[in-house]
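Dear colleague,

I am passing on to you the structure that I have been going through, and I would be grateful if you read my notes with the coordinates open beside them.

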Amino acid sequence: EDEINNIEKYIEIQSIRFKKYSNIHCVFEGNFKAYEIEPLLLLTFVENAFKHADIRKGPLDLFVYMKDDILGFNIKNFYEKKNADTFSSNKMGIKNTKMKLDLIYPEKYQLYINDNGSEYQIKLKLQLN
């Protein structure tokens, strides 16, 4: 529940920054109170999405749900393609989060990352029990 609250507060702050754009869509479904996850695990993905998002090119979509001990997290944003050196150096947060997942949730998660050159999408399913 604390992780979800942190994400919601972060989105509120970013919404002020992007106030002239109304294409930030966030949905949270399920009961998050009964579960615990590593602090700031999901927030890294949200921060990266806002950091690199080009809201003018398309929406930033976030969907987080809890169902049957599975935490689902999907985030998608559009971005302006940058020089390869700059972009690859910015992926340290994602690499660190993958390492955290491997250490704390071995064989209890599925992580899908898709980057088509203008749209970045992350899907995470995490078994919590």
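This is a predicted model: local features need pLDDT of at least 70, side-chain atom pairs count only at pLDDT 80 or more; totals for chains, interfaces and linings use all residues.

The protein chain averages a pLDDT of 89, and 91% of the residues score at least 70. Confidence is lowest in helix α3, residues 84-89, where the mean is 51, and highest in strand β5, residues 119-127, where the mean is 97.

The helix I would look at to begin with is α2, residues 43-52. Eight of its 10 residues are buried, so α2 is largely enclosed by the rest of the structure. The buried residues of α2 are Leu43, Thr44, Phe45, Val46, Asn48, Ala49, Phe50 and His52.

Two other helices pack against α2, and I take them in turn. The axes of helix α1, residues 2-17, and α2 come within 10 Å and cross at roughly 10°. Because angles under 35 degrees count as roughly parallel, α1 is described as roughly parallel to α2. On the side of α1 the contact is made by Glu3, Asn6, Ile7, Tyr10, Ile11, Gln14 and Arg17, while α2 contributes Leu43, Val46, Glu47 and Phe50.

The axes of α2 and helix α4, residues 92-104, likewise come within 10 Å, but here they cross at roughly 165°. That angle makes α2 roughly antiparallel to α4, and the crossing of these two helices is left-handed. At this contact, Thr44, Phe45 and Asn48 of α2 meet Gly93, Ile94 and Thr97 of α4.

Phe45 and Phe73 are both buried.

Strand β3 also holds Gly72, which at 0% relative accessibility counts as buried. Leaving aside neighbours within four places in sequence, Gly72 is in contact with Phe63, Val64, Tyr65 and Leu124. The C-alpha atoms of Gly72 and Tyr109, which stand 37 residues apart along the chain, are separated by 9.8 Å.

In strand β1 I would point you to Phe28, which is partly exposed, with a relative accessible area of 24%. Not counting residues up to four places away in sequence, Phe28 touches Ile4, Ile7, Glu8, Ile11, Leu62 and Val64. One of these, Leu62, is 34 residues from Phe28 in sequence and 8.3 Å from it in space, C-alpha to C-alpha.

Apart from neighbours within four places in sequence, Glu119 is in contact with Lys76, Asn77, Phe78, Tyr79 and Asn114.

Asn96, in helix α4, counts as partly exposed at 38% relative accessibility. Asn96 and Pro39 are 57 residues apart in sequence and 13 Å apart in space, C-alpha to C-alpha.

Finally, there are two backbone angles to check. Most residues other than glycine have a negative phi. Leu40, however, has a phi near 65°, a positive value in a residue other than glycine. Leu40 sits in the loop between β1 (24-29) and α2, and at 44% relative accessibility it counts as partly exposed. Phi of Asp69 is also near 65°, again a positive value in a residue other than glycine. Asp69 is found in the loop between β2 (60-67) and β3, and Asp69 is partly exposed as well, with a relative accessible area of 27%.

With best wishes

Methods
Residues are numbered from 1 along each chain as its sequence is written. Side-chain values use heavy atoms; hydrogens and water are left out. pLDDT is the predictor's confidence in each residue, from 0 to 100. Helices (H or I, at least four residues) and strands (E, at least two) are DSSP runs, numbered from the N terminus. Buried means under 20% relative accessible area, exposed over 50%, partly exposed in between (1.4 Å probe, protein chains only). Axes are lines fitted to C-alpha atoms, for helices over the stretch in contact, and angles run from 0 to 180 degrees between N-to-C directions. Angles under 35 degrees count as roughly parallel, over 145 as roughly antiparallel, 65 to 115 as roughly perpendicular and the rest as oblique. A crossing is left-handed if the near helix is turned anticlockwise from the far one by less than a right angle, and right-handed if clockwise. Contact means heavy atoms within 4.5 Å.
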